[in-house]
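Colleague: I have a model open and would like to go through it. Can we start with the sheet and then look at the rings?

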Amino acid sequence: MKRRHFIKSSAVLASVTALPSPVLALMQDGKLRTAHIGIGGMGMEDLKAFSSHSQVVVTALCDVDSNNLAVAQQMHPQAKIFKDYRKMLEEIGDQIDAVVVSTPDHTHAPASMKAMEMGKAVYCQKPLTHHVTEAREMRKLATDKNLITQMGIQVHSFYDYKLATLLIQSGIIGKVHTVRAWSNKNWGYDGPEPKGSDPVPETLDWNLWLGTAMERPYKNQVYHPANWRKLLDYGCGTLGDMGVHIFDTPYNALALDVPKTIKNECRKPNGFGFPESNRVTYEFPGTEFTTDNFKWVWDDGVNAPKKHDELKLPKKEKLPEQGAMFIGEKGRLLLPHFMQLPQKIVDGAFVNIDEEIASITKEHNLTPVRDYNTEGTKHYHQFVDACLGKDESSAPFSYASRLTETILLGVIAGRFPNKTLHWDTDTASFAEEEANEFLDGKYRDF
């Protein structure tokens, strides 16, 4: 797949005017035939969730690690097996209706784009892409081809997050002037780049794992299977991992677009791994739910968040390890991550909002759920039902691309510690020219 060109037209960000078409015309016997690219780790969870839908037939499984394939094949012996997603799509593209992409971040766009070019509905794990240009291109292609799409951000469909969105939009704390969000996870790496190489396991196709990323020697336990999130060439750090989940509800509730300015306070770049600790400050254009001067502050790392008066809880209670705080004109709303009810704070005390919760739950026909498996499966089944013409996806690429772009702008700001970057969404470029080279990536032929 050739390297994608950067789309600079503001038309790329235009609202979708028509609902995507279901794939009913392509289906056989009323079943949605799915192909799964990446079936280790989160990919296995995705596979289990999709196959739990009564109208899904798992038709193809693709992974660069034969150990992952062996496990999945036992679950779905009828499915065809592949190592290379390109060969899979070329050989049996006419036998599948939807493609699920659950690879490391750097392969999200190459695999998804190839599937979408063939007119397939696509479910892609978060963050949607590894580069800003890819996010815009995926949105444009999904719109042009009128495809059903969904980003894998399961909490988007959870009761507590829907509730928080509706509470904020009801004006429970007035217009919001600041959001502070945080995660104490550390998907960064401050150490040196490893030297030398190790033998590639017989079960792993290292060339296919690298995909479009630059060629480098294999090192045991450095990249595959789990540490790639920490590294510049493959992941997006803590911000790109947990940030997508924790940003999602405030971003959606406040009807935000992309930011005007971004500043990341972190260590100097080391050219290999993401910083282990980041404080990213965004400034956004105001919306109907925010004040004109709206600010977003993100903290990550083992000591996150840094202390601040806006984060103090009543009776010196401890903050959750991950979460978000909305600060508004009439109080604050704490949204822990995850599966906990939002809490309102006014004048240093918690305020009972049971009546507001009951009213909104009834008005919007929300069902309070405290079961993770039930809540998590909801997001997957929504995509399937959208393909079947029974529902609409709630995190299509038209939405997911903007959220991902926002996240990735903060990741890029980590290349320029303590420097404010100015983003122009119409030209899709930074005023600081040196930052623009990180909007795109060079695709290797493999």
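Colleague: What is the order of the six strands in the open sheet?

Modeller: The order is β3-β2-β1-β4-β5-β6, and the pairing is parallel. Strands (E, at least two residues) and helices (H or I, at least four) are DSSP runs numbered from the N terminus, and two strands pair if DSSP finds at least two bridges between them. This is a predicted model, where local features need pLDDT of at least 70 and side-chain atom pairs count only at pLDDT 80 or more, while totals for chains, interfaces and linings use all residues. Residues are numbered from 1 along each chain as its sequence is written, and side-chain values use heavy atoms, with hydrogens and water left out.

Colleague: Which strands stand at the edges?

Modeller: β3 (80-82) and β6 (149-152) do; each has a single partner strand, so one side of each has no neighbour in the sheet.

Colleague: And how many bridges join β1 to β2?

Modeller: Six bridges join β1 (residues 32-37) to β2 (residues 56-62). Leucine 32, for instance, has valine 56 in β2 as its bridge partner.

Colleague: Which helix packs on the sheet?

Modeller: Helix α11 (residues 397-413) does, touching β5 (121-125) and β6. Contact means heavy atoms within 4.5 Å. The direction of α11 makes about 40° with that of β6; axes are lines fitted to C-alpha atoms, for helices over the stretch in contact, and angles run from 0 to 180 degrees between N-to-C directions.

Colleague: New topic. How many aromatic pairs are there?

Modeller: The count is 26. Rings of Phe, Tyr and Trp (its six-membered ring) pair if their centres lie within 6.5 Å; planes under 30 degrees apart are stacked, over 60 edge-to-face, and the rest tilted.

Colleague: Why is the pair of tyrosine 123 and phenylalanine 383 called edge-to-face?

Modeller: Because their planes are at 65°, with the ring centres 5.7 Å apart. Tyrosine 123 is in strand β5 and phenylalanine 383 in helix α10 (residues 372-387), 260 residues apart.

Colleague: Which residues do ring pairs link into a cluster?

Modeller: Tyr189, Trp206, Trp209, Tyr218, Tyr223, Tyr234 and Phe272. Tryptophan 209 has 5% relative accessibility, so it counts as buried.

Technical notes:
Buried means under 20% relative accessible area, exposed over 50%, partly exposed in between (1.4 Å probe, protein chains only).
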